[in-house]
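Me: I would like to go through this model by question and answer, with the cut-offs stated as the terms come up. Please look at the sequence and the coordinates below before we start.

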Amino acid sequence: MLRTALITALLALTSGWAAARPNIIVIFSDDHATTAISSYGSNLINTPAIDRLAQGGMRFNNAFVGNAVCGPSRATLLTGVHSHVHGHMVNEWGGAFNGTQQTFPKLLQAAGYQTALFGKWHLYSDPTGFDDWAVIDNVGEQGTYYNASFRSPNGVEQTEGYTTDEITDKALRWLTNKREGDKPFLLMVQHKAPHRDWLPSIEEMQNWDEAATVAEPATLFSAHAKKGTARSQNKMRIDDHMTRLDVKLSVPSYLTEAQKKVFEETYGPGNQAFENAQLKGDDLTRWKYQRYIKSYLASVEGMDRSIGRLLDAVDAAGLTDDTIILYTSDQGFYLGENGWFDKRWMYDISTRVPLLMQWPGHIKPGSINDALVQNIDLAPTLLDAANVTPDQPMHGQSILPLTQGVAADWRQAIYYHYYEHPGFHNVPRHYGVRTDRWKLIHYYRIGEWELFDLQADPNEQISLHGQPGYEQITRQLEQELAAQRTLYMVDPAAEPEAPWYTAPMVWAFEQLLKVL
Ligand code: CA
């Protein structure tokens, strides 16, 4: 840490970081996998607006979260520490985020930044550290793709229209009307998209092509995905756990009559053909996959267009040169790989997130970095850029030295810990360690281990744990895992226990949705 701090201080002197504090815009999405971003090499979609940030700044290829579920990841973005320290270890039964603790927006605000937050928050307590904020309030703060309500210090506001665009509009109105020119600002723009239930904008629905097909992932029907206790029990399979709302056989009740009409025109003919076809087995899975992936991608396209509007407005206001713009998401997401949707697992598809950082004059345009970075690093990074030192230590480290190619002592392994079991999608509790080549996972309540060689098996299909020839690497990784747990002071006694109503609540929810 000390060495990194010294290097950063030297860089600050030589590059003028200390002289002017940059504005900071964090664009944060929900469940956006790198596999659905063209600058990350996606063959599924074009994301020209997000790609502008890759072209204008640095693309991190190995950015991961430490707990791949929404609330915990959001709390880590704010605090720079893993779940067991910020205390928001699970989504559904963990209570509200404790907003009295140290967060980077609070520190920036105290250092003279004007701070604002708009969009999905999903931490239940009111945001702290923001001069202005409005957060999605309806459906347990998950929000709806259309006509969401927003909570702010002024009360609850019901909006009408596409929520992605409403979030961008709120941010743009703030930039135009509320920003004080003499202060640097932090603006967080947090989208609901592309979280379930993947409903496109009116424009994307009008461009819907029922006959178009998206390439299937190689592992859509992987037999490996059903092997082992942990994998076989999960409930995120496209074949068995998608709902009629997910695949657009049901009209969301939150739409207006005019929006319902567009929905019916978009999906109605395909739905009729589907009902007539009486698909079974793999054909039914394929149909669900197409409905799912096309709706997911369309909701990304709508978000990308909305991000483009924001970037254009920042350009037009002459702010781009003085502003860090960061794009990331709260987890990755399964887009049909292993036959799954959702996240939670320590597997790369679930834990890898997009991380793009543009800072003109400081970060070389179009640069790429492969270091192992994590969401614990974002708060330290933004504080570093603003020349603010946190009061309490954070787990993460500033990635600014990485952007300058001078972080020789960067970490070689990252820690992961998922707690939300019992819970939706039935993924067991697990922790593990990942290096550039290897991953060791321990499902500690069912006594199961997995070991993957990410070089030979990047899709993490076949666990090598217990296989002859892997004893030495397993021992090394066990030691690394123990070292990581010591480094972050993971306390087994602090495991959150689910309240009694969790299991029946999850069961009831599954029954309610299981109609397809
Ligand atoms: Ca999420």
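Me: In which loop is the place of Asn 91?
Reply: This is a predicted model, in which local features need pLDDT of at least 70, side-chain atom pairs count only at pLDDT 80 or more, and totals for chains, interfaces and linings use all residues. Residues are numbered from 1 along each chain as its sequence is written, and side-chain values use heavy atoms, with hydrogens and water left out. Helices are DSSP runs of H or I with at least four residues and strands are runs of E with at least two, numbered from the N terminus. On that numbering, Asn 91 is placed in the loop between helix 4 (83–86) and helix 5 (104–110).

Me: Is Asn 91 buried or exposed?
Reply: Buried means under 20% relative accessible area, exposed over 50%, and partly exposed in between, with a 1.4 Å probe and protein chains only. Because the relative accessible area of Asn 91 is 2%, this residue is buried.

Me: Which residue has its backbone nitrogen 2.7 Å from a polar atom of the side chain of Asn 91?
Reply: Leaving aside residues up to four places away in sequence, Asn 91 touches Val 69, Cys 70, Gly 71, Pro 72, His 122, Tyr 124 and Glu 420, where contact means heavy atoms within 4.5 Å. For Pro 72, 19 residues apart from Asn 91 along the chain, the C-alpha separation is 6.7 Å. The backbone nitrogen that lies 2.7 Å from a polar atom of the Asn 91 side chain belongs to Gly 71.

Me: How many residues apart in sequence are the parts that the pair Asp 31 and Cys 70 ties together?
Reply: Asp 31 counts as buried at 0% relative accessibility, and Cys 70 also counts as buried, at 1%. Asp 31 lies in the loop between strand 1 (23–29) and helix 2 (48–56), whereas Cys 70 lies in helix 3, so the parts that this pair ties together are apart in sequence by 39 residues.

Technical notes. Polar contact = N/O pair within 3.5 Å; in protein donor to acceptor, adjacent residues only side chain to side chain.
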